[in-house]
Amino acid sequence: MENAFRSGILAVLALIFISSSFANASDSPFIVAHKRVALKKLNPIVERISVSIDVYNRGSATAYDVTLADDSWAQDVFDSVIGNTSMSWGRLDAGSLVSHSFEFESKVKTVYYGAPALITYRVPTKSGLQEAYSTPTLPLKILSDSDTGKKIEKLKRLQSSAPPAFHHHRNQTLTAVRSKMITIPYLTALTTYFSYGLLFVFGQLRDFFRRIIDLWSHSSLQGYAPICLGLEDFYIRRLYLRIQDCFNRPISSPPDAWFDVVERVSKDNNKTLQRTKNVSRCLNLGSYNYLGFAAADEYCTPRVIESLKRFSPSTCSSRVDGGTTTLHTELEERVASFVGKPAAVVFGMGYVTNSAILPVLIGKGGLIISDSLNHNSIVNGARGSGATVRVFQHNTPSHLEKVLREQIADGQPRTHRPWKKIIIVVEGIYSMEGELCKLPEIVAVCKKYKAYVYLDEAHSIGAVGKTGRGVCELLGVDTAEVDVMMGTFTKSFGSCGGYIAGSKELIQYLKYTCPAHLYATSVSPPAAQQIISSIKVILGEDGSSRGAQKLAGIRENSNFFRSELQKMGFEVLGDNDSPVMPIMLYNPSKIPAFSRECLKRNVAVVTVAFPATPLLLARARICISAAHTRKDLIKALEVISSVGDLVGVKYFPAEPNKQQLEEGRVKME
Amino acid sequence: MIGKMYVQAVPTADMNRNTDWFTYPGVWTTYILILFFCWLLVLSVFNCTPGMAWTVINLCHFVVTYHFFHWKKGTPFPDDQGIYNGLTWWEQIDDGRQLTRNRKFLTVVPLVLYLIASHTTDYQHPMLFFNTLAVLVLVVAKFPNMHKVRIFGINGDQ
């Protein structure tokens with residue numbers, strides 16, 4: 001087993017324990033600033049790996065240990081050639097850098113995975129040695145590409161976020177899932193509250209005068225109750241309508257990397273908008289077009305047109321009546337095998353999948369614990385089910401455990417009887433944060449307390465993971481441990497609809513109870529064919545490597561874009577490898593400014609504000625696609641940078657552009 | 001210097017979008033700064049004594065906070081399907097839990113305003129009467145025992 005690594009990019013799993021011997025070192029860890037790994041094939045059997053590490057001391061302690069060890073390797077596989085694999089009591093003055101290099105040869109033919117490196121350090125305090133995690137893990141490429149100066153700055157900044165939680169799993173891919181705390185400049189927080197207060201006051205003033213004026217006018221609807229009682233639509237009338245030209249923009253072409261945005265004009269200060277005949281060709285940074293299937297594809301589109309001719313655009317009935325075609329059964333089998341579960345059922349609409357399945361899975365007397373930032377479809381389904389709904393702090397497994405313990409101990413609300421069923425609902429990638437879910441920890445907590453796990457992979461299926469199979473593959477969670485896996489086809493597959501994958505018994509049960517299966521029209525046949533064809537492309541079954549290229553493309557594009565944005569000084573949320581990156585705007589006036597200025601420069605971004613996000617945390621959300629070329633991304637970066645300067649959203653200091661020459665480094669091939 | 005200070009926004013478990021903004025950092029400071037700024041505004045516009053300005057601020061604060069915290073019910077957006085339609089903003093914050101830090105702060109602010117207003121007017125009538133009335137109504141409205149209480153059915157559900 002130890003010899004059976006798959007070929008790919010080079011990596012070494014390095015665990016480096018760096019400790020310092022002074023008691024006040026707990027606030028100032030050593031960090032690994034730079035790491036280079038190189039692989040040389042001396043002959044077909046023997047491979048030599050060189051690892052060189054730069055250690056930077058950003059604290060006050062001066063003594064450290066460095067160890068290169070990995071308890072998942074068989075020790076007899078490698079021979080150390082140059083440099084010991086450990087070093088104790090090295091001395092490093094505060095603020096300086098030291099390099100270590102290790103070289104070892106493998107005795108048998110092995111090939112290495114590409115994986116990020118994990119670095120830990122140990123900090124002794126008076127109460128004993130504590131283990132702490134220093135730099136969050138980053139993919140090897142990011143660590144080895146840029147120069148040391150920038151790396152230090154980047155890592156210092158990442159250091160200030162919460163310590164990363166991570167996990168180590170069977171196929172040796174290590175990813176850091178950080179619960180990133182949103183860092184706001186204090187002055188921005190104050191001005192944001194003040195701006196919202198001012199907007200609120202003006203809205204109330206206008207409402208007040210409108211009510212006085214309406215007293216004088218005669219309404220033809222005397223005696224009827226008003227549709228909205230004064231407060232309910234206040235936000236829409238007084239805040240949203242002022243900037244409604246930034247939302248709901250119509251497009252007149254497929255949402256590919258570049259698309260046509262229809263221009264609109266308003267004669268009454270944004271209360272109503274009229275479409276004009278002009279279109280502008282804009283770069284699309286808002287569509288969930290992760291793998292580039294949104295526009296015509298050379299493999300999928302001819303097959304879709306053929307299905308359209310053979311099956312007609314709609315099945316015109318529900319699944320149980322006459323709406324199950326051979327396409328539907330083939331689609332369900334393919335989805336089940338793609339996701340890694342025994343069986344699957346598909347529905348015509350993604351939102352409906354969540355809101356119609358949750359009431360069927362759980363009812364009164366059950367408990368649903370959902371993440372606080374779950375999508376509206378899950379909230380809707382949970383409310384519609386009649387079960388008790390509790391919320392745990394976003395992506396915090398310790399809080400989930402606390403809530404679970406409390407609820408299990410308390411029991412049902414008034415009777416205190418034990419719960420009939422407990423379902424934990426989490427999402428793979430949270431679309432407003434771009435964050436990955438801490439799935440292994442959450443699954444571990446659920447197994448401990450025997451609760452079911454419901455994973456909504458709307459944004460992550462097809463977009464993350466080595467072969468595109470979603471967060472389970474990326475984070476190394478066995479799909480058998482997640483009880484219900486849900487996803488949609490709108491994002492990565494370029495189609496419409498949603499699916500639920502689970503055990504055969506579960507899917508059979510759903511097929512005769514779920515109202516979306518019994519009464520709603522089934523998936524349109526051309527849409528089903530699009531999903532089948534796109535799955536074939538992703539898996540490489542169409543005979544080309546376009547699928548693998550797309551997956552690699554979206555990963556590289558996301559990592560490149562995110563790191564460039566962070567270097568410019570924007571506050572970008574989300575984990576590495578995630579194609580969704582929100583740029584924080586905060587102030588309500590910056591939302592329309594950013595959106596309109598970008599549109600003037602032919603870049604279309606989606607801005608999100610209250611109430612889809614918390615009040616303070618308005619953001620512009622960028623979705624990267626595999627269809628974006630490097631040229632597109634560079635143009636987008638230039639536009640966003642200039643608009644960011646104009647609007648003033650570069651809340652972090654930008655990194656200086658220093659070039660440092662490094663001699664004697666073995667370049668990574 | 002103050003522009004370089006950063007705060008961390010801890011994600012809150014409060015589901016009510018109408019009230020979760022009160023759990024983020026900077027709210028208390030903004031509230032106090034708005035009151036101070038309005039006092040300066042009143043002083044410059046009306047050219048009165050500082051004590052009168054504080055009394056004006058106290059009374060306006062009373063009217064505004066009573067209206068928005070204890071009179072208006074529900075939320076200003078339709079997304080939550082009206083589950084808070086019977087609750088005022090004061091009853092919604094912190095999920096209805098009493099005596100939390102936010103509630104204690106909001107109870108102390110009118111008291112401090114009252115002290116400042118009555119001190120700077122030297123406890124003279126008629127300002128003292130109005131100030132005392134304002135602070136009494138506000139503080140009584142914020143008692144834990146007054147949660148969801150509608151006296152004589154005023155402002156109750158139809």
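My notes on the contact between the chains follow.

This is a predicted model, so I kept to its rules: local features need pLDDT of at least 70, side-chain atom pairs count only at pLDDT 80 or more, and totals for chains, interfaces and linings use all residues. Residues are numbered from 1 along each chain as its sequence is written, chains are lettered from A and ligands numbered from 1 in the order written, and side-chain values use heavy atoms, with hydrogens and water left out.

I looked up the contacts (heavy atoms within 4.5 Å) and found 37 residues of chain A touching 36 residues of chain B.

Next came buried area, the accessible area (1.4 Å probe) that two parts lose on being put together, summed over both. I got about 3,400 Å² for chains A and B, with 66% from carbon and sulfur atoms. On the chain A side, Tyr186(A), Tyr193(A) and Leu231(A) lose the most area, together 20% of what that side buries.

Which element of chain A gives the most to that side? I found H3(A), with eight residues. Helices here are DSSP runs of H or I with at least four residues, and strands are E runs of at least two, numbered from the N terminus.

Last, I looked at strands, which pair if DSSP finds at least two bridges between them. Four bridges join E12(A) to E1(B), running antiparallel, and Ile182(A) stands opposite Ala9(B).
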